[in-house]
Every structure is written in C-alpha cells, then in structure tokens.
Amino acid sequence: MTSFTYRRSFTVPWGDCDPAGIVFNPKFFTYFDASTWLMFSAATGVKVHDINEHFGIIGIALVDAGANFMKPVKYGDEIEIVSRVAEFRRSSFVVEHKILLGGDLRNEGTETRVWAVKHPDDPQKIKTAAIPEEVITAFE
C-alpha cells in the first residue's frame with residue numbers, strides 16, 4: 001500500500017448525465033482513468049502528456065476495472081475523487097478510487113494497469129516491463 005493520495009474535485013456537467021440528471025455509470029470509468037493519469041503526474045512531477053516519453057513507455061494500459069455504484073451522483077454535484085495506488089507489483093499496479101459527495105462515499109472503483117512498452121521483436125505489439133523504482137518511490 002502506498003501513502004501518496006491524489007484528490008481532485010469538480011462539478012458534474014450535464015453531458016455526463018442521463019435524462020434524469022444522474023451520472024451515467026460508464027462516466028465513472030472516465031473519471032477513474034483521468035484521475036489515474038493525474039495522480040501519476042502529481043506523484044512523479046511529470047506532466048500527463050510527457051509521462052510516456054519520460055518513462056519510455058507506450059502507456060499505463062488498463063487490463064481490469066470494476067466499480068461499486070452505491071448512491072447516485074447528479075448533475076451539478078460537487079464531487080471529490082480520491083485515488084491511490086493500493087499495490088505495486090513487478091509490472092502492474094492496482095489503483096483504488098473513491099467518489100465522495102460532501103464527504104459521503106457514493107461510488108468506488110478499482111483499476112489494474114500494466115507498465116506497457118513496445119515489444120522489442122515486433123513494434124506493433126506491446127509487452128509489460130518492470131515498473132521503475134523511481135516511480136514506486138514517488139508514491140511512498
């Protein structure tokens with residue numbers, strides 16, 4: 001478990017909602033994805049658009065995601081997303097996200113991602129690589 005926690009707040013826009021004004025569930029995965037990238041930027045000090053080039057990767061590829069939708073989030077709600085890396089493995093890591101409204105837990109999710117690089121034998125393919133120690137240290 002890492003100690004670095006990333007928090008961001010924003011107001012839910014109408015375009016993220018269904019006709020009843022409730023956030024369309026797939027949008028939470030968009031929120032989680034954005035928070036993961038922003039968290040990496042905040043922890044490492046590398047701008048989001050420079051992460052791949054800086055670390056010589058093609059991305060932090062999503063390989064598994066899940067969510068628990070406990071309470072609705074609506075248009076105009078000021079929500080906070082709290083994200084942290086729950087576990088670093090050799091070439092993968094697990095991110096936990098919590099969606100809060102006024103401190104009340106509304107939804108939570110997890111992502112498993114891999115440190116993805118070009119395959120040395122076929123640049124059209126990807127493979128995993130060991131996560132650099134400097135990245136792991138940035139989250140301590």
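Two strands pair if DSSP finds at least two bridges between them. Helices (H or I, at least four residues) and strands (E, at least two) are themselves DSSP runs, numbered from the N terminus.

A quick word on the model: it's predicted, so local features need pLDDT of at least 70 and side-chain atom pairs count only at pLDDT 80 or more, while totals for chains, interfaces and linings use all residues. Residues are numbered from 1 along each chain as its sequence is written, and side-chain values use heavy atoms, with hydrogens and water left out.

**Exercise 1. Follow strand 4 and its partners**

Task: work out how strand 4 pairs with strand 3 and with strand 5.

Solution: 
- Start with strand 3, which runs antiparallel to strand 4 and is joined to it by 9 bridges. The hairpin between them goes through 3 residues. In this pairing, Arg 84 sits opposite Glu 96 of strand 4.
- Now go to strand 5 (residues 104–118), which pairs with strand 4 over 10 bridges, again antiparallel. Here Leu 101 stands opposite Asp 104 in strand 5.
- Look at the turn: this hairpin has 2 residues between the strands, and Gly 102 takes a positive phi near 60°.

**Exercise 2. Sort out the ring pairs**

Task: classify the pair Phe 29 and Phe 32, then the pair Phe 40 and Phe 93.

Solution: 
- Grab the rule: rings of Phe, Tyr and Trp (its six-membered ring) pair if their centres lie within 6.5 Å; planes under 30 degrees apart are stacked, over 60 edge-to-face, and the rest tilted.
- The whole structure has 13 aromatic pairs. For Phe 29 and Phe 32, the centres are 5.8 Å apart with 85° between the planes, making the pair edge-to-face.
- Both sit in helix 1 (residues 26–44), 3 residues apart, about one turn of the helix. Phe 29 is partly exposed at 30% relative accessible area, but Phe 32 is buried at 0%.
- The rings of Phe 40 and Phe 93 have centres 5.0 Å apart and planes at 45°, so this pair is tilted. That pair links distant parts of the chain, with Phe 40 in helix 1 and Phe 93 in strand 4 (residues 92–101), 53 residues apart.
- Phe 40 and Phe 93 are both buried. They also belong to a cluster linked by ring pairs, whose members include Phe 4, Trp 115 and Phe 139.

Terms used: Buried < 20%, exposed > 50% of the residue type's maximum accessible area, 1.4 Å probe, protein only.
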